[in-house]
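Student: Could you walk me through this structure, one feature at a time? I'd like to learn how to read it as we go.

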Amino acid sequence: MTTGNPLGTLLPGAPPTSTRRLAWLNWKLAVGGSMVLAVVGLGLVGPLFWSTRLARPASSPPDLPPLWAHGGTAAHPLGTESLGRDILALLIVGGPASLRVGAIAAGVGLGVAMLLGFVAGYFGGWIDDVVRVLADAWVTIPALAVMVVLAATLSSITVGTEAFLLALFSWPMATRMLRSQMLSMRGRGYVKMARLSGLSNFSIMFREILPNMIPYVVASFVSAMAVAIMAATSLEALGLGPSQTPTLGLTIYYAIQGSALLRGMWWWWGLPLVLLVIIFSGLFIMSIGLDEVSNPRLKRYAQRARRRAPRRPARGTAGAGRSRTAVGSGVGTDQ
Amino acid sequence: MPEPPLLEIRDVTKRYAGGSAVALDHFSLVVPESPATITTIAGESGSGKTTLANAVLGFVSPTSGSILFRGRDISRLRRSARLDYRRNVQAIFQDPYAAYNPFYPVRHTLQQVIRRFGLASSRSEARELMNDALAMVGMRGEDVLDKHPHQLSGGQRQRIMFARAHLVRPRLIVADEPVSMIDASLRATIIDIMLRMRDEDGISFLYITHDLSTAYQVGNEIVILYAGRVAESGEVTTVLEQPKHPYVQLLIDSVPVPDPRRRWQEQISLPPDDGPYQAAPGCLYAARCPHRMDRCDEAAPALYEIGAAHRAACYLYEGGGPAPAADAPATTTIAHGG
Amino acid sequence: MKPAVLEVEALQVHYQTATEVAVAVNGVSFQVFAGETLGLVGESGCGKSTTAMAILNLVQAPGRIAGGSIRLNGQDLTTLSQRRLRQVRWREVALIPQGAMDSLNPVVRVDDQVAEVIQAHEGRLSRSAMSDRIAELLSLVGLPGRVARLYPHELSGGMKQRVCIAMAIALQPALLVADEPTSALDVVVQRVVGQTLLDVTSRLGVAMILIGHDIALQAQLVDRMAVMYAGSILEIGPVETMFDQPQHPYTQLLIASIPSITERRRRPAETPVREVQHRPSGCVFRLRCPHAFDRCREEVPVARETSPGHVVACHLHDDASQPAGGGSRA
């Protein structure tokens, strides 16, 4: 080795020069996201090719099986149900409707959770005590049972009311999660610097800390959405959901009412179920992907490069811990 | 009517754990308005130096005693006076990575103070201010402002922190171990920045460290803390060249000398455990002290004068100054000459 | 001439990042002789910790040992199977990793943790034999016997570190690798732990590699010293001559950077270092070197012996002869 440097050129310990900060497009996020977007797309594009009026009762010949089964026709490729509604149309309307309910419920719940969780985590003291007791107590209320009772007492409910009911029970978990995130972030060095700069508390919470919590907030939103859709579908399947909108849950309700199982009309309850599975799987995979983004357990070299301290190394990104095992087992720390 | 000092720490005590652990015990210090000085607060972990920094910055409130900025108690400041305090008292911390918000490029930390303190009236003025501040620490704006903290080295990040402090032009900077996480060969640059800020901008420093060798290069005065109390104080050269307190002597002897032929001779022992110190009636160092006497366990010694502005809290030097009253707390007041 | 316990030759450790290969250890060679302490000093990112990990074959992905050999008492550790390595580790070479005191299991008492190490390699011992052994180890490191039944959080930093030392020597290894054992400790505690290490190694005849960034501390503790920069050893030799006559400009810089506590000099400020990300051609240090000349850009310096046992890789010393064999190569 007398001339040139045949080996790699990047020096160890050198900070990475690329500006790629977060690998937002890790494949789980992409796959899960596509699944959910497909359902959204179904709702947007579907009406262009298929009449949504076929989702109304008595719009189609009843009890037709899907295209590929014996007796099916191309006019109703996914079949129809006993009240004369076309299944395909029901999916086109119902899928996005379920997503909408979930999104509104999650949005409202998260809004409340952010407000309460941030304030509790940042200020601590009695505010924290009050919020925590409230959230902890609320979690013990059997959500579904109460929702059933509430929904049953109301004569008819809209999508909005349903979403509000769902939000009522989703806020405690999100509040606790956001509170603990805020608690850990408020001790960070840059928060101290912001206080030294004379920034107000709310400024610090929302301009300094919140941007670093985006992955957690989004992950929270996605899982809240999945939970809300689950609860909504349960309510609807019991007949307690909004009666005007043909949500997937409502379709299943009618399928139960119409003894679809006994009558072998598997497409009536089965196809909505398939769409629900797509929605849930999509959201679930997205949340795993988000978990990886916000909590990178992968030991990327970029993190090593960032540790410049000759003393105890400085911490990397939020949540990136170093695994430690007892010295006695003979395994050293990662370096 | 004499002008109040820039900062007065008056008899501050901080207790934790329901009163049983004393982080700082009746500590007093005065930093005058002028001339600009670097006062080193030295001590090992558990000595109270971090508590002191946090108290001066208003992050923690004293259990008793007060901290006065230009004569006013900082815990009682109103909104605008609070901002004024922030404008005049800034800080540099030990970890140059944690001090940055990882979401934003590093210019955010400079813009933060420009915006909050109204240092510039236009974007171009702000840009100019930032470039000047960076030039002061030997960097160019166009090289670093748009980078994210993880793209820069520890030395660069710390220098940018100094640039940020320089932008604000505070009267006092609390520097809490600013070089301990920086490579040895790069420390001189940062120490030089501190000295220049004192000499050219008239900024005083409270330099908090456990590393006596950098203290030697930097400070005018030094206060050495042990278990929340002052062990010795005075001019840096005097205290480090002729330490009087047994703890300080041990400390200085334990700094490794870069000469393989002058190795540590004595085997020394450590106290059975360190940690939050219990408030004890006597001298807290007595258990380890080779010169221990009976009276060391009965009551804590006051700070006795040894020479000009050189004081040590040890009964060995009792004859040197006025005998204190039996219950007088250990205090230190460094009066700076004009 | 004492036998060499460890012979590292042309060690290469590479890290594969998304876009390029980072060379953490670039052709490092050195030896550690029986009973001596070799210091490995360098600043952050120079590869010293990676070298320590490589010796125990604990380099984790995306890093890997890409070349060279590591011979411990004749055996090449890079070629051993995982099973054989597990037997070798701790019994013949033990590691005190960085931040070791934080690696202690917080819910297990000290004696149980030490016992775990011993049992993992030697099988079960009788209760009394084990507690005798532990008491002996604790006294070797200067800890009182009562420490055995304590939990880590009840110990101070210095005490925890000494427990880690006790665990490392529990099986009487031939070589101890201590990675920054005193970095997080106060000055006085650092002295005590340093002295404990010296004491223990001399009493047991254990060879040690002491890794650190504080060159003054190295002066107090080691017999020979190697200076590392950006993955290469630039200079290696007996500690006295390294301090009396440092040959490499980087060594000279490190020594000059030590702020003196006896002499107050206002040193001229160095020009701020231009941060170097990529390996320069030729000598890896040339961009920071005050003596760099043309040759430094073209050729990587070869290691040469300027006095017995004192080897340096620098073009300023090109007229010195090459070492007979097993010297440090840049």
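Student: Which are the buried residues of H1(B)?

Tutor: A residue is buried if 20 or more other C-beta atoms lie within 10 Å of its own, exposed if 12 or fewer, and partly exposed in between, with C-beta atoms placed from the backbone. In H1(B), the buried residues are B:Lys49, B:Thr51, B:Leu52, B:Ala53, B:Ala55 and B:Val56. That is six of the eight residues of the helix (residues 49–56 of chain B), so H1(B) is largely enclosed by the rest of the structure. Just after H1(B), B:Gly58 has a positive phi of about 80°.

Student: Before we go on, how do the numbering and the model work?

Tutor: This is a predicted model, in which local features need pLDDT of at least 70 and side-chain atom pairs count only at pLDDT 80 or more, while totals for chains, interfaces and linings use all residues. Residues are numbered from 1 along each chain as its sequence is written, and chains are lettered from A and ligands numbered from 1 in the order in which they are written.

Student: What does the radius of gyration say about chain B?

Tutor: The radius is taken over C-alpha atoms, and the globule rule is 2.2 Å times the number of residues to the power 0.38. Chain B has 338 residues and a radius of 21 Å, close to the 20 Å from the rule, so it is as compact as a globular protein of that length. Along the principal axes, its C-alpha atoms fill a box of roughly 70 × 55 × 40 Å. For chain C, with 330 residues, a compact globule would have a radius near 20 Å, and its 21 Å agrees. The C-alpha trace of chain C spans about 70 × 50 × 45 Å along its principal axes.

Student: Where does C:Pro249 sit, and what does it touch?

Tutor: C:Pro249 is in helix H9 (residues 249–256) of chain C. C:Pro249 is buried, with 21 other C-beta atoms within 10 Å. Leaving out residues up to four places away in sequence, it touches C:Cys289, C:Pro290 and C:His291. C:His291 is 42 residues away from C:Pro249 in sequence, yet their C-alpha atoms are 7.6 Å apart.

Student: What do the buried residues of H3(B) pack against?

Tutor: Those residues are B:Thr109, B:Leu110, B:Gln111, B:Gln112, B:Val113 and B:Ile114, in helix H3 (residues 107–116) of chain B. They pack against helix H6 (189–196) of chain A, along with helix H4 (123–136) and helix H6 (154–168) of chain B. Just after H3(B), B:Gly118 takes a positive phi of about 60°.

Student: At what angle do H3(A) and H5(A) pack?

Tutor: Axes are lines fitted to C-alpha atoms, for helices over the stretch in contact, and angles run from 0 to 180 degrees between N-to-C directions. Helix H3 (residues 125–139) and helix H5 (residues 159–185) of chain A pack at about 140°, with axes 9 Å apart. Angles under 35 degrees count as roughly parallel, over 145 as roughly antiparallel, 65 to 115 as roughly perpendicular and the rest as oblique. H3(A) and H5(A) are therefore oblique to each other.

Student: And how are H5(A) and H7(A) arranged?

Tutor: The axes of H5(A) and helix H7 (residues 201–237) of chain A come within 9 Å and cross at roughly 150°. That makes H5(A) roughly antiparallel to H7(A).

Key
Helices (H or I, at least four residues) and strands (E, at least two) are DSSP runs, numbered from the N terminus. Two residues are in contact if their C-beta atoms, placed from the backbone, lie within 7 Å.
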